[in-house]
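This text walks through one protein model, from single residues to the whole chain. Please look at the sequence and the structure before reading on.

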Amino acid sequence: ILPLHKILDSINESNRGKESLGTTKKGIGPAYEDKIGRRSIRFCDLSNKKILKRKLENLILFHSLRLRKSKMNINVKKILKDLISIYKTLKKFSYPVWITINKLGKKNKLILFEGAQGSLLDIDFGTYPYVTSSNTSSGQIFAGTGFGLKQNNKVFGITKAYTTRVGAGPFPTELNNKIGDYLGKKGKEFGTVTLRKRRCGWFDANLVKQSVIISGVENIVLTKLDVLDELDELKICIGYRINGKKFDYLPFGENLQSKAKPIYKKIQGWQKSTYGLTKWSDLPVAAKNYIKTIETIIGVDIAIISTGPERSQTIDRKKILGNL
């Protein structure tokens, strides 16, 4: 809503220089800073002009030093007018959703929560500081929505058949070679929001296992298996070597993460098309072996396998989709 948050995020990013975090520059970080600092403007504040004006002036005053660097004239009256105008349109969509979802939960209705960002972007358990400004693990569902029922739920983890990352940060299995270029091109790896080219690498089972444990994942949805069809050999990261020591998890320290060297298990490729397959029995033997090897390492079943961009191009290996 506030353009000044976008300005502030761009200033923050540019000030870091070579340590740029690779953020979206959409103002997410400053918005969260204001939230935690108890100075943010909430949607409900837009209904009261007096409160809104006071909060807006305080917010601009607090950020005045950084805003001067933007060399933009911040017009309080115009922003105030715009926010009030926006509220008139959006207020009909405002509702205490926590009431509705808890009622539906008690009636045993199906409720789907979707996490929009990867586990390693979590502000607490991700590759800090190359993370987003919030928690992205499954536990955030309850804190973020007000849904209080902890029973009768199932947590799915979604991961590609190889590993990608948008923006800066540690990436032990990154491939800066023709295989990495191939994965990016065939997988059409560009950021959803920023359209930035994603960095590509071998499947990091170590990171997936870590995410499975932290988020309590029960089943994995493996996507883009078909992207690997033409490769004669594949590699799966099963651990790291850091300063001569073996790790079966990615440590939190930046100094250690930057030195992580992947330990690989080599897997024979299948070099046959899996595109559009919908039955487990139709997969090449080597493709099945690749999937089973990953399962053994991460400790949970790969229940659903995507073999193309369409919904129909899916293998429901554990017959889960039919029961939803």
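A residue counts as buried when its relative accessible area is under 20%, as exposed when that value is over 50%, and as partly exposed in between. The model discussed here is predicted.

The terms apply directly to D282. Its relative accessibility is 44%, so D282 counts as partly exposed. D282 sits in the loop that runs between strand β8 (261–268) and helix α11 (285–298). Its C-alpha atom is 9.8 Å from that of I315, a residue 33 positions away along the chain.

L65 falls into another of these classes. With a relative accessible area of 60%, L65 is exposed, because the value is over 50%. L65 belongs to helix α4, which covers residues 64–70. Between L65 and K266 there are 201 residues of separation along the chain, and their C-alpha atoms are 54 Å apart.

The cysteines come next. How many disulfides does the model have? The count is zero. A disulfide requires two cysteine sulfur atoms within 2.5 Å. For C200, the closest cysteine sulfur is that of C237, at 16 Å, so the two are too far apart for a bond. Seen from C237, the closest cysteine sulfur is in C200, again at 16 Å and too far for a bond. As for accessibility, C200 has a value of 4% and therefore counts as buried. C237, at 0%, is buried as well.

The largest cavity contains about 80 Å³ of space. Its lining is formed by S119, L120, D122, F125, S137, Q210, S211, I214 and S215.

The view can now widen to the protein chain as a whole. The chain contains eleven helices and ten strands. Its C-alpha trace spans about 70 × 50 × 35 Å along the principal axes. Of the 324 residues, 42% are buried.

How values were computed. Residues numbered from 1 in each chain as written. Predicted model: local features only at pLDDT ≥ 70, side-chain atom pairs only at ≥ 80, totals over all residues. Heavy atoms only, no water. 1 Å grid on protein atoms, 1.4 Å probe; cavity = no way out; pocket = protein on both sides within 12 Å on 5 of 7 lines; lining within 4 Å. Points joined across faces, edges and corners; volume = space filled by probe spheres on them. Helix = DSSP H or I, 4+ residues; strand = E, 2+ residues; numbered from the N terminus. Buried < 20%, exposed > 50% of the residue type's maximum accessible area, 1.4 Å probe, protein only.
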